[in-house]
Amino acid sequence: MAGTDYSSYLRIDELLDLQHPLTVGAHDEMLFVVIHQAYELWFKVILHELDFATAELLAGRPQGAMAPLHRTTRVDELLIAQLRVLETLTPEGFLEFRDPLKPASGLQSGQFRAIEVLGGFDGTTPADASPLSDHDRAELRRRSGAPTLFSALCAALRAQGFDAPDGDGIELRDRRVEALVSVYRDHVSPERAALHRVCELLLDHDEAISRWRFHHALMAAREIGSRPGTGGGGVAYLDTTITLRFFPELWEVRNRL
Ligand code: HEM
């Protein structure tokens, strides 16, 4: 019979052969490995969707960006929900296998940094963190030269005649925010409705990643208190990331309506 079967199509044997806890007898390490791998798979889906949304916006098709952004926001919620599973790990259970992991840390997740780069960040990790792999560094360099989600949104705004210029500086920023305010004040036509929906989906994504940052910091405090993290930053570093926002101009709109 032609075709394939479940196991070969999904490479289940290879997938289930990728979990290698380091400490013999540490029961909880299996969860720790699997949950990180699951995050990286979901990061892969998020990047796949956000790249597609960015391309649609750059092509002046906000309508086409809606489905991938919507899916992204659903996956974002899974990222947050997974933290509750991780919180079944007790601090003493974590200590059973933690030391051999050093200096491995989520700080070295290239895909997390790529999500940040699409959100407009520069993709750097704290200066004293262990370096990313060569592959991750090359990928981040490639992404850093490409349009971000917000610059793609501005391109979609310009395609519909709005004054939403790229560039730094207060004056250019002000013109962009005013263009967004205009979309928020009036989004009755299908064209404006699509732009408005995209703005709100981007804000959903931004808010969800911030909630993840906050919850991840709480989870980390629960596991390790104020000890240094395996990557050296600790919860004190995570606390500095909680107020970060991808799209400050979409938040600024709220002040001007
Ligand atoms: C017991 C579980 C975990 C603990 C105690 C923990 C703790 C920490 C700490 C303390 C940091 C700051 C850097 C450092 O000192 O190493 C960090 C960073 C990070 N962790 Fe976790 N983490 C855990 C699980 C996870 C999981 C499952 C993920 C999913 C991928 C993750 C993703 C990240 C990311 C992306 C960063 C960098 C955040 C940023 O730079 O803004 N962590 N983690």
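A residue is counted as near a molecule if one of its heavy atoms lies within 4 Å of that molecule. By this rule there are 29 residues around the ligand, and R113, H216, G233, G234 and Y237 come nearest.

The model is predicted, so local features need pLDDT of at least 70 and side-chain atom pairs count only at pLDDT 80 or more, whereas totals for chains, interfaces and linings use all residues. Residues are numbered from 1 along each chain as its sequence is written, and side-chain values use heavy atoms, with hydrogens and water left out.

**Ligand contacts**

A polar contact is a pair of N or O atoms within 3.5 Å.

| Residue | Part of residue | Distance to a ligand oxygen atom |
|---|---|---|
| S105 | side chain | 2.8 Å |
| R213 | side chain | 3.4 Å |
| G233 | backbone | 2.7 Å |

The shell around the ligand takes two or more residues from each of α3 (29-58), α6 (110-118), α10 (190-224) and α11 (234-241), where helices are DSSP runs of H or I with at least four residues, numbered from the N terminus. Helix α10 provides the largest share of this shell, 7 residues. By class the shell has 15 nonpolar, 11 polar and 3 charged residues; here Ala, Val, Leu, Ile, Met, Phe, Trp, Tyr, Cys and Pro count as nonpolar, Asp, Glu, Lys and Arg as charged, and the others, Gly among them, as polar.

**Pockets**

A pocket is an open set of points on a 1 Å grid over the protein atoms alone, where a 1.4 Å probe fits, with protein on both sides within 12 Å along at least five of seven lines, and its lining residues have an atom within 4 Å of a point. The ligand takes up the space of the largest pocket, in the sense that more than half of its atoms lie within 2 Å of the grid points. This largest pocket holds about 1200 Å³ of space, and of its 45 lining residues, H36, S105, G106, L107 and H216 are the closest to its centre. The second largest pocket has a volume of about 320 Å³, and among its 17 lining residues the closest to the centre are G120, T148, F150, R176 and E249.

**Local backbone features**

The peptide bond from K102 to P103 is cis, with omega near -5°, and P103 is placed in the loop between α5 (91-98) and α6. R11, a residue other than glycine, has a positive phi near 55°.

Notes. Polar contact = N/O pair within 3.5 Å; in protein donor to acceptor, adjacent residues only side chain to side chain. Points joined across faces, edges and corners; volume = space filled by probe spheres on them.
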